[in-house]
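User: Could you take me through one part of this model, the open sheet, and what packs around it? I'd be glad of a close look.

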Amino acid sequence: MLGSEDCMIETVPLILALSLAGVAPDGLRPNILFIVVDNVGYGDLGCYGNTFNRTPRIDRLAVEGTRLTQFYCGSPTCTASRGALLTGRHPLRNGLNWQLKPEEQLGMGLPLDERMIPASLKPLGYATGAFGKWNIGFGPGGRPTERGFDEFLGHASGNIDYYDHQYNGRLDTYRGTENVRLEGYSTDLFAEAAIDFIRRHAAGPWFVYLPFNAAHLPNERNTPSGGKTEWQVPAKYLEQYGWSAAEPDRKRRYAAVLTALDDAIGRVLDTVDALDQRDRTFVFLMSDNGGGHDLRTAGDVSNNGPLRGGITQCYEGGIRVPATARWPGKIPERSTNDALLWSMDLLPTFVSAANGEVPSDRVFDGINILPILAGGEAPQRDLFWEFRKYAAVRSGDWKLVRSQPEGDWELYDLKTDVGEQHNVASQHPEVVKDLAKRFNTWRAQTARGES
């Protein structure tokens with residue numbers, strides 16, 4: 001159920017949809033705008049059923065393209081998820097399957113032999129920029145401008161104070177590799193940097209990676225001395241709801257942070273339109289992982305909809321995320337797409353959209369999903385996750401998950417039980433045995449060092 005009439009979706013005939021895949025009709029390579037929001041739950045947006053939080057621009061984006069209902073991240077935590085989406089390789093394969101600790105943020109995270117999306121786009125003539133949260137290691141050789149991005153403005157670590165930009169007591173904002181002090185609300189700073197980059201490279205093609213730090217929960221370790229640890233947001237967004245700047249309610253402040261994020265995304269999209277580049281710009285928006293599931297991780301305010309669990313867990317609430325895609329004339333408007341897709345599909349998809357060749361010197365864990373976004377059939381494939389004590393397999397409608405390495409596997413039929421409330425492992429032991437075997441085989445083949 002969508003959050004408003006504006007989000008009502010209709011289907012597109014398959015024959016028409018299949019004709020929509022391909023590069024821009026004028027032969028020019030498309031611009032690619034890749035927006036990642038932080039810890040936004042499956043049920044946090046209006047176009048995914050939320051009637052409390054106001055996210056009109058993201059909702060409109062869903063109407064202008066397709067809303068994905070079974071899109072997954074590669075890991076239920078920020079660091080590993082971002083490494084996966086940038087490399088197209090599973091965290092077990094790319095060597096970054098943990099959340100970077102504070103003392104690791106300025107060191108080595110993602111191994112230097114891993115290649116990212118911009119490394120495949122730059123040889124095709126793309127200008128490449130990254131603006132926002134990095135969180136995969138900011139040591140020498142591992143920083144954005146050393147890994148294929150022409151420009152970077154953002155923060156190295158996993159979360160910062162929205163105004164003071166501190167992380168654990170140190171200034172964490174960088175331009176390129178230089179530590180710089182910036183003035184302003186982080187959401188606005190990252191959006192404006194992206195807007196400036198798009199304007200300067202209007203002749204195209206360009207690739208913009210825009211990973212916001214919103215709506216990450218506030219962290220007392222980042223709060224300046226004498227400050228208050230709360231969701232930070234300009235007063236005007238609280239006032240849109242009729243609340244004061246001093247509003248103490250966490251749920252209300254979180255809603256305003258989402259609305260500020262939504263407004264910033266809208267300004268970036270407006271810039272694309274103002275430059276008359278909508279038709280040649282492929283926009284993809286996703287959350288890096290699910291929202292919180294307990295008070296420590298904001299589970300009292302974030303919303304994963306009907307899904308169980310949240311961030312750091314391999315239940316659906318931790319790994320199934322909101323995602324939308326727009327490319328006029330290629331991806332049908334006002335549509336939903338129920339195909340089983342995940343973030344590691346994006347590298348081969350973006351490179352294919354740019355009429356490039358996916359590197360053949362390594363194994364990728366995704367596929368080109370442009371034909372699927374256009375309405376074509378998705379291939380049958382199994383998806384796997386492992387993070388800390390959690391592990392999971394998705395195969396068709398079956399979901400196998402466990403919360404302890406030595407624990408029993410749980411089995412759910414997501415077609416009838418999307419909330420994972422009814423463990424049917426005892427009724428289908430043969431399915432459990434088969435999927436567990438597939439998981440063990442996958443794990444043995446995927447651990448870094450084998451490919």
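Analyst: Happy to. One term first: two strands pair if DSSP finds at least two bridges between them. Please keep in mind that this is a predicted model.

E15 and strand E16, residues 390-395, pair in the antiparallel sense over six bridges. You can find one of these contacts by looking at Phe387, whose bridge partner in E16 is Tyr390.

Now step back to the whole sheet. It is open and has four strands, in the order E15-E16-E17-E18, with antiparallel pairing. At the edges are strand E15 (382-387) and strand E18 (410-413), each of which pairs on one side only. From one strand to the next, the twist averages 15 degrees.

For another kind of packing, turn to two helices elsewhere in the numbering. Helix H6 (residues 186-200) and helix H8 (residues 250-274) pack at an angle of about 5 degrees, and their axes are 9 Å apart. Angles under 35 degrees count as roughly parallel, so H6 is roughly parallel to H8. On the H6 side the contact includes Ala191, Ile195 and Ile198, and on the H8 side Leu261, Ala264 and Val268 are among the residues. The residues of this contact divide into eight nonpolar, two polar and four charged.

Notes
Residues numbered from 1 in each chain as written. Predicted model: local features only at pLDDT ≥ 70, side-chain atom pairs only at ≥ 80, totals over all residues. Heavy atoms only, no water. Axes fitted to C-alpha atoms, helices over the stretch in contact; angles between N-to-C directions. Parallel < 35°, antiparallel > 145°, perpendicular 65-115°, else oblique. Contact = heavy atoms within 4.5 Å. Nonpolar A, V, L, I, M, F, W, Y, C, P; charged D, E, K, R; others polar.
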